[in-house]
Amino acid sequence: MFIDGCFWHGCPVHGRKSFNHNADYWPSKIAANMARDKNTTEELRRSGWTVLRFWEHEDAEKVVEAIRNVVTASTSPP
Ligand SMILES: [Zn+2]
């Protein structure tokens, strides 16, 4: 699983849309991070992994619950 930083990975809630400094640098940097995240997720899923991604701002208990649900579903007998 991954916990993505809101700033670095372009969170829809906290990601910045404009930058006062290095206005050319940050949007492309963050866009590259997001594209890499997507590729990583897709590659792992193709290899049979269950990929869970959460945002830095998400409630920890909900994240734990989501993980538990996935683990329970994949380990319980059919
Ligand atoms: Zn966020």
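**View 1. Cys6 is a buried zinc ligand.** Cys6 has 7% relative accessibility, so Cys6 counts as buried (under 20% relative accessible area; exposed is over 50%, partly exposed in between; 1.4 Å probe, protein chains only). Its SG atom coordinates the zinc ion. His14, another ligand, is partly exposed, with a relative accessible area of 42%. This is a predicted model: local features need pLDDT of at least 70, side-chain atom pairs count only at pLDDT 80 or more, and totals for chains, interfaces and linings use all residues. Residues are numbered from 1 along each chain as its sequence is written, and side-chain values use heavy atoms, with hydrogens and water left out.

**View 2. The zinc site is tetrahedral.** Cys6 (SG), Cys11 (SG), His14 (ND1) and His57 (ND1) coordinate the zinc ion at 2.0 to 2.4 Å. Donors are N, O and S atoms within 2.8 Å of the metal (3.2 Å for Na, K and Ca). Angles among the four donor atoms run from 103 to 118°; four donors count as tetrahedral if all angles lie between 85 and 135 degrees. Along the chain, the donor spacing is C-x4-C-x2-H-x42-H.

**View 3. Two helices and two strands make up the elements of the protein.** Their order from the N terminus is β-α-β-α. Helices (H or I, at least four residues) and strands (E, at least two) are DSSP runs. The C-alpha atoms fill a box of roughly 55 × 30 × 10 Å along the principal axes. Of the 78 residues, 22% are buried.

Technical notes
Four donors count as tetrahedral if all angles lie between 85 and 135 degrees; four count as square planar and six as octahedral if opposite donors are over 155 degrees apart and all others between 65 and 115; anything else is irregular.
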